[in-house]
Each structure stands twice: as C-alpha cells, then as structure tokens.
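Student: I'd like to learn how to read a protein model. Could you walk me through one?

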Amino acid sequence: MSTIHPVTDVRRQRRVLAILVVSAVLIWIDSTVLGIALERLADPVHGLGATPGQLQWALGIYSLLFATALFLAGALGDRYGHRTILMLGLLIFGLASAWAAWAGGPVALILARALMGLGGALIMPPSMAIIGWVFPPERRAGAIAVWGSSAGVGVAVGPVLGGLLIDHFWWGSVFTINLPIVAFGLVGAALVLPNPRSPQRRRLDPLGLGLSTLGLLGVSYGLIEGGHQGGWDRWQVWASIGAGLVLLAGFIFSEWREDQPSFDPRLFRNRRFAAGNFTLAIVFLTLTGQSFYLAFYYQGARGMSALAAGLMSLPAATGVIIGSQLGARLAARFGVARVSGTAVLVLAACFELNLLYDVNTSLVWIGIVGGAVGLSIGMTTAPTTAAIMATLPLDRMGAGSAVNNALRQVGSVLGVAVLGTIVSSTYQHAIAPSLGGLPDAAGTSAEATRHVAGTLHRPELVQAANDAFIHAMHVAAGVAGGIVLVGAIVLLLAFRETRRVPEDQQEKVPVEI
C-alpha cells in the first residue's frame with residue numbers, strides 16, 4: 001500500500017484544490033437547488049402533487065444517506081485510495097441526478113435523492129483527506145477556508161440557476177445542473193488528484209452502517225410523520241422514534257468497542273473536537289430548517305417566481321464566501337472563540353429577526369439579514385473546521401473528516417424533520433378554524449389550502465393560509481434561534497482559552513490502535 005506525502009509544488013497544490021472545490025460545489029448546489037423546486041413539486045398540476053411529508057423526505061433522505069455513508073467513506077478512502085472513492089462518488093451522483101430529473105413521482109424522487117446522498121458521502125471525506133495529505137500544516141487552514149468557500153458558490157449558483165430553469169422548463173431540470181459538473185470533476189480528478197491511502201488498513205463496518213441508517217430513519221420517520229399523519233398521539237410515532245434512538249445507541253456502543261471504527265466516538269474525548277462538531281451540527285440543523293420554510297415563504301406566501309426566490313439567496317452566498325476567508329484570518333489572530341463564537345451569536349440574532357417577516361416585508365431588509373446569515377456561516381464553518389482537524393493525527397484525517405461531515409448532515413436531517421414538522425403542524429392548527437367544513441386535505445399545507453381557495457374562488461381563504469403560514473414560520477424561527485444560542489454557548493466555553501499555536505504543538509486526540 002502506498003502513502004502520499006505532502007505536495008511541495010504550490011502550482012500543483014492549487015490545481016488539486018481547484019478540483020476539490022468543483023466537487024464540493026456540486027454537493028452544495030444540490031443541497032440548495034431542491035428548495036427552489038419545493039413549491040413546484042407540491043403543485044398538483046405542474047409538479048408531482050407531493051405532500052409536505054414527502055417533500056421533507058426528499059430533502060431529508062439525501063442528508064440521511066449522506067450522513068450514514070460518511071461513516072464508511074473515510075474507511076474506504078483509507079483502504080482503496082481517496083481519489084478512487086471520490087471518483088466513484090461523482091459517478092453515482094451523476095447517475096442519480098439523471099434519475100431525479102426524470103422521476104415519475106414523489107417516491108422515485110425520494111429514492112433518487114437517497115442515491116445522490118450516497119454519492120455525495122463518497123466525495124466529502126476524500127476531499128478533506130486529500131487536502132490534509134497535499135497541503136503542509138502552515139497552508140492547510142487556508143486551503144480548508146478556500147474549500148469551505150465553495151459553499152457560498154454552490155449556495156449562489158444552485159438557487160439562481162434552478163430558478164431560471166424552473167421558470168422556463170420542468171421542475172426536474174434543476175438536477176441537470178449537476179451533469180456537466182460531474183463530467184468535469186471526473187476528468188479533473190483522474191488527471192490532477194493524488195490517490196493517498198492510510199498506512200493503517202481499517203476494516204469496513206457494515207454493522208455500523210446498518211445501525212446508523214436504520215436509527216436515523218426511525219427517528220426521522222417518527223418526527224416527520226408525527227406532524228402530518230394524525231398527530232403525535234399515535235403509538236407508531238413514538239415507537240419509531242424510540243426504536244431509532246435504541247439503534248443509534250447500539251451504533252455508538254458497537255463503534256466504541258472497535259479498535260479502528262469508521263465512526264470513532266473516542267475522538268469526542270477531546271473537548272474542542274466535540275464542541276466544534278456539536279456547534280456545526282446545530283448550525284446546519286437550523287439552516288436546513290430555515291431553507292425549508294423560506295422556500296414556501298418566497299414562492300407561496302409572497303408569490304415570487306422561482307428565479308426571484310433564487311436571487312434572494314445571493315446575499316447569503318456572498319456572505320459565506322467573504323466570511324470563510326475573513327473568518328480564517330481573524331481566527332488566526334484572535335482565536336476561534338472570539339471569531340466563530342461571536343458569529344454564531346449573530347446567527348442566532350438573525351433567526352430572531354425572522355420573527356419580523358410578513359408578506360410585505362422589504363426584500364432589501366431580508367437581503368441584509370441574509371447577508372449577515374451567510375457571513376456568520378462562513379466565519380463559523382471555516383475556522384471551526386480547521387480547529388477540529390487540527391486535533392487529529394494526519395493518518396486519521398479521513399475518519400475524522402467523516403465524523404465532522406456526518407454530524408453536519410445529521411444536523412440537516414434533524415433540521416428538516418424538526419423545524420419542517422414544526423412549520424407543518426403549527427400551520428395545520430392555525431388554519432383549522434378557517435376551513436369551515438372543508439375536507440381535512442385542504443389544511444395539510446398552505447399550498448393545498450391555496451389550491452382549494454382557487455378552485456372555490458375564495459380569496460379570503462388565501463389570506464388565511466398566508467397568515468397561518470407566517471405564524472408557523474415565526475414559531476420555527478424562534479425555536480431555531482434558541483437552538484443556535486445553545487450552540488454558541490458550547491463553542492464559547494470550549495474554545496474560550498484557545499490561543500493560536502503552531503499545529504505541531506496543538507492538542508491531538510489520543511487514538512487507540
């Protein structure tokens with residue numbers, strides 16, 4: 001088995017980083033582009049007539065498979081080479097994108113999205129591991145910051161191109177964006193990327209993969225279905241959540257007993273590693289939930305076109321790009337606690353500002369808040385990720401990055417499940433008094449209520465639907481702000497004594513072999 005040492009040629013380092021950024025942009029595009037299509041997918045005439053629960057699954061299943069397969073991706077990269085696994089992920093992602101573009105119904109779309117999540121999972125850990133092998137310690141934080149800024153590019157490109165395509169073509173065209181990027185990434189990876197492997201061959205972990213996947217499926221099913229199919233008083237809902245939690249506990253226990261697990265819980269013995277990952281998971285949880293309700297706010301409550309809604313993502317995308325670079329530089333001078341901790345506090349405040357949104361709120365003001373959100377994300381994600389990776393030995397970066405990315409995706413799964421369910425269940429309770437004897441199906445979502453209102457020529461019902469949705473959005477935003485505040489406190493406490501020291505003097509996680 002071969003081992004690749006850090007690359008000294010700066011020009012080659014830049015080419016490697018460029019290919020990795022393109023691959024990461026692909027994932028970020030897909031994580032945002034579906035939000036633009038949600039309103040159309042819910043349309044029974046021009047879309048698939050998907051229910052709110054099906055839309056949550058279409059969003060959540062991607063993150064769920066992404067999260068659980070990440071546990072395996074790091075081990076596969078260490079064993080077979082990180083470039084090999086990255087290229088396999090790109091290929092799977094491209095095939096699944098084509099399936100999603102021409103899916104014939106909600107179930108087919110959900111399955112295609114699951115396969116896309118699997119492909120994405122095989123891209124992320126190899127990317128971080130290749131950065132760790134190619135870049136020396138003094139350049140690694142900057143490379144991670146550039147790689148992290150790909151989030152801003154994806155957040156900007158995905159919604160805008162997606163909105164443009166939806167306004168002129170069918171909803172599935174949003175997934176065709178991925179195809180040329182996959183082709184470019186495959187060619188670039190084959191020509192430019194090294195294929196590093198870990199000197200320690202870790203065994204694959206099918207038991208862990210099964211327990212984590214089924215556990216997250218159980219928890220997600222209970223949370224999503226409890227808000228849509230008859231409420232929380234059914235035993236099936238709580239049995240699903242309970243079974244999921246038991247399976248996840250079994251997963252942690254089984255991984256703890258392994259000498260070289262794919263998901264290593266022993267890494268969490270380091271306070272900063274644990275706190276940093278917790279806060280990043282919290283950030284992604286709330287952002288995914290926010291993207292869910294803002295998609296319906298822009299196109300449903302405000303009646304904006306898909307392209308106009310996509311353009312509203314540009315301030316946040318710009319903020320992420322600027323924040324990633326600015327945050328890395330400021331953290332090098334002032335430390336993670338002062339920079340990222342403050343950024344997370346600002347993010348919490350931005351969620352609370354969502355409570356001021358209604359159907360007439362100035363789009364300029366919303367854009368300013370969105371820019372602050374993006375800046376906070378960038379200044380949190382890049383410095384915190386670099387600090388997390390600094391706690392890992394070089395030969396554990398593949399596994400460590402899998403943990404880091406997996407917990408972000410778990411946060412995304414729970415964000416869709418928790419905040420999406422809060423929006424849906426709150427809306428259903430708020431709209432019920434206005435339905436006046438109409439079928440229960442008319443109150444399942446704001447889109448369903450507006451469709452019935454149009455059929456019956458009842459404009460007052462449209463206003464009632466908008467009011468109920470805005471109320472539901474406010475409730476979800478308030479909960480999200482409180483959750484983010486907890487993440488800020490945890491990060492501040494864990495990194496409050498952090499000083500910028502040479503990486504070879506930083507605390508490393510003890511790894512049992």
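Student: What should I know before I start?

Tutor: This is a predicted model, in which local features need pLDDT of at least 70, side-chain atom pairs count only at pLDDT 80 or more, and totals for chains, interfaces and linings use all residues. Residues are numbered from 1 along each chain as its sequence is written, and side-chain values use heavy atoms, with hydrogens and water left out.

Student: Okay. How many helices and strands are in the chain?

Tutor: Helices (H or I, at least four residues) and strands (E, at least two) are DSSP runs, numbered from the N terminus. Here the chain has 17 helices and 0 strands.

Student: And what share of the residues counts as buried?

Tutor: Buried means under 20% relative accessible area, exposed is over 50%, and partly exposed is in between, using a 1.4 Å probe and protein chains only. In this chain of 513 residues, 59% count as buried. The chain still exposes about 19,300 Å², with 67% of that supplied by carbon and sulfur atoms (areas come from the Shrake-Rupley method with a 1.4 Å probe; for residues, only the protein chains shown count as cover).

Student: How do I read contacts?

Tutor: A contact means heavy atoms within 4.5 Å. Among the contacts in this chain with a separation of 6 or more, 82% are between residues 24 or more positions apart.

Student: Next, how many cavities of 30 Å³ or more does a search find?

Tutor: Picture a 1 Å grid over the protein atoms alone: a cavity is a set of points where a 1.4 Å probe fits but cannot get out, and lining residues have an atom within 4 Å of a point. Points are joined across faces, edges and corners, and the volume is the space filled by probe spheres set on the points. The search of this whole structure turns up 4 cavities of 30 Å³ or more, and the largest cavity holds about 970 Å³.

Student: Which residues lie nearest the centre of the largest cavity?

Tutor: They are S31, T32, V155, L287 and S291, out of 43 lining residues. Several helices supply at least two lining residues each, including helix 1 (10-42), helix 6 and helix 15 (397-435). Helix 10 gives the largest share, 9 residues.

Student: How does that lining divide by residue type?

Tutor: Ala, Val, Leu, Ile, Met, Phe, Trp, Tyr, Cys and Pro count as nonpolar, Asp, Glu, Lys and Arg as charged, and the others, Gly among them, as polar. The lining of the largest cavity has 27 nonpolar, 14 polar and 2 charged residues.

Student: How do I read aromatic pairs?

Tutor: You describe a pair of aromatic rings by the distance of the centres and the angle of the planes. Rings of Phe, Tyr and Trp (its six-membered ring) pair if their centres lie within 6.5 Å; planes under 30 degrees apart count as stacked, over 60 as edge-to-face and the rest as tilted. This structure has 6 such pairs. Take F292 and F296: their ring centres are 5.3 Å apart and their planes are at 70°, so the pair is edge-to-face. Both lie in helix 10, 4 residues apart, which is about one turn of the helix, and both are buried.

Student: Why is the pair of Y297 and Y298 tilted?

Tutor: Their planes are at 50°, with ring centres 5.5 Å apart, so that pair counts as tilted. Y297 is buried at a relative accessible area of 0%, and Y298 is buried at 9%. Elsewhere, ring pairs link Y62, F66 and F93 into a cluster.

Student: Now a single residue. Is R113 buried or exposed?

Tutor: R113, in helix 4 (residues 106-121), counts as buried because its relative accessibility is 1%. Leaving aside neighbours within four places in sequence, its contacts include D30, A58, Y62 and F175. R113 and A58 are 55 residues apart along the chain, yet their C-alpha atoms are separated by 6.4 Å.

Student: Which residues does V423 touch?

Tutor: Not counting residues up to four places away in sequence, V423 touches Y293, F469, A472 and A476. V423 sits in helix 15 and is buried at 5% relative accessibility. From V423 to Y293 it's 130 residues along the chain, with 7.2 Å between the C-alpha atoms.

Key:
1 Å grid on protein atoms, 1.4 Å probe; cavity = no way out; pocket = protein on both sides within 12 Å on 5 of 7 lines; lining within 4 Å.
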